[in-house]
Amino acid sequence: MTGIKIDGKVIAQSVKDRVKKAAEELKSLGINPCLATILIGDNPASATYVRNKHIACEEVGIVTKDHKLDSNVTQIELNGIIDNLNSDSSVHGILVQLPLPPQLDEFATTSRISPIKDVDGLTPHNAGLLAMKKAALVACTPSGVMEMFEYHKIDLEGKNIVLINRSNLVGKPLYHLLLEKNATVITCHSKTKNLTEFCKSADIIITAVGDRNKFTLTPEMIKQDAIVIDVAISRFEEKLVGDSDYEQIIKKASFVTPVPGGVGPMTVAMLLKNTITAASLSTQIGR
């Protein structure tokens, strides 16, 4: 007997449907939700990600403003563009596509964004609010994972969760979100010893390594009926893959996300949701 596929495309569409309705309500109040994106350089993957985000925005009624910058843009020039967008009352969300060219500082860049327009949830302000259980804008991938649990009515209280990632974009925000649901969370990473033993004891494994040459989650590493959320995506042997072999894992797990088509669509959907939230926040401060 196989487990249940957590279909990110279906869940993402349910989020988009809610976002579209919320966008229509805001427009009836004279607010036209708007997301500004900043793409630096000519990285093909980054360009594809931004294009897909624009298409998704159009589907739900969110206006986009696209800023494409040369790869040799300076930090001062980038700061000026972000400052202009911060002060532009028609813009509700600002997204700087990562990674950045080497001459630009990622922390300085993300920190420059106004917290109420920080749709990626990466500013120190919003990260701090998340730790205090007060965040309105949360990093998109972690909030997408939480949406999946909610959609399938998976109760996290008291569950032992192994989280294989400690990044600011995924691991750290997810840690706080899972704690809010009263889960017991163990964060593992590249320096963790006896990772397999941690995994074998977990009710839920959330993995986001993204390099099959370094790590693969196998059925032998999970207990019967565990839940596996595979956040990773990379190219391996000419295919897009996650950290686990979905076809094998689903034979043992109770719920599994595929790659592609799992967490990926949720990330974009939660970006749309954050943009609507940011637009709503703007009404509360008279903008």
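A residue is called buried when its relative accessible area is under 20%, exposed when that value is over 50%, and partly exposed in between. Keep in mind throughout that this is a predicted model.

Begin by selecting Leu169, which sits in the loop between strand 5 (160–164) and helix 7 (171–180). Is this residue buried, exposed or partly exposed? Leu169 has a relative accessibility of 42%, and therefore counts as partly exposed. Leaving aside residues up to four places away in sequence, Leu169 touches Leu122, Ala139 and Pro142. If you display the C-alpha atoms of Leu169 and Pro142, you will find them separated by 7.9 Å, although the two residues are 27 residues apart along the chain.

Next, select helix 7, and colour its buried residues, which are Gly171, Pro173, Leu174, Leu177 and Leu178. These residues lie on the same side of helix 7, because they cover an arc of only 160 degrees around the axis. Now show what covers them: the cover includes helix 5 (124–131) and helix 6 (140–151), together with strand 5, strand 6 (184–188) and strand 7 (204–207). Following helix 7 you come to Asn182, whose phi is positive, near 65 degrees.

From here, turn to the open sheet of six strands, whose order is 1-11-8-7-5-6 and whose pairing is parallel. Its edge strands are strand 1 (4–5) and strand 6, each of which pairs on one side only. Strand 5 and strand 6 run parallel and are joined by five bridges, and if you select Asn160 you can look for Thr184 of strand 6 standing opposite. In general, the strands of a sheet pair through backbone hydrogen bonds, and they may do so in parallel or antiparallel fashion.

Now select helix 1 (residues 8–28) along with helix 6, and turn the view until both axes can be followed. How are these two helices oriented to each other? They pack at an angle of about 95 degrees, with their axes 10 Å apart, and helix 1 and helix 6 are therefore roughly perpendicular to each other. On the side of helix 1 the contact is made by Gly8, Val10, Ile11, Ser14, Val15 and Arg18, while helix 6 contributes Glu147, Met148 and Tyr151. Sorted by class, this contact of helix 1 with helix 6 has five nonpolar, two polar and two charged residues.

Move on to another open sheet, in which three strands are arranged in the order 3-2-4 with parallel pairing. Strand 3 (63–69) and strand 4 (93–96) are the edge strands here, each pairing on one side only, and the twist averages 15 degrees from one strand to the next. Seven bridges join strand 2 (residues 34–40) to strand 3, and the bridge partner of Leu35 in strand 3 is Thr64. Helix 2 (residues 44–60) packs on this sheet and touches strand 2, strand 3 and strand 4, while its direction makes about 170 degrees with that of strand 2.

Finish with some details of the backbone. The peptide bond from Leu98 to Pro99 is cis, with omega near 5 degrees, and Pro99 is placed in the loop between strand 4 and helix 4 (106–112). Another cis peptide bond joins Val259 and Pro260, with omega about -5 degrees. Lastly, select Lys153 in the loop between helix 6 and strand 5, where phi is near 55 degrees, a positive value in a residue other than glycine. With a relative accessible area of 74%, Lys153 is exposed.

Methods. Residues numbered from 1 in each chain as written. Predicted model: local features only at pLDDT ≥ 70, side-chain atom pairs only at ≥ 80, totals over all residues. Heavy atoms only, no water. Helix = DSSP H or I, 4+ residues; strand = E, 2+ residues; numbered from the N terminus. Buried < 20%, exposed > 50% of the residue type's maximum accessible area, 1.4 Å probe, protein only. Contact = heavy atoms within 4.5 Å. Arc of directions from axis to C-beta. Pairing = 2+ DSSP bridges. Axes fitted to C-alpha atoms, helices over the stretch in contact; angles between N-to-C directions. Parallel < 35°, antiparallel > 145°, perpendicular 65-115°, else oblique. Nonpolar A, V, L, I, M, F, W, Y, C, P; charged D, E, K, R; others polar.
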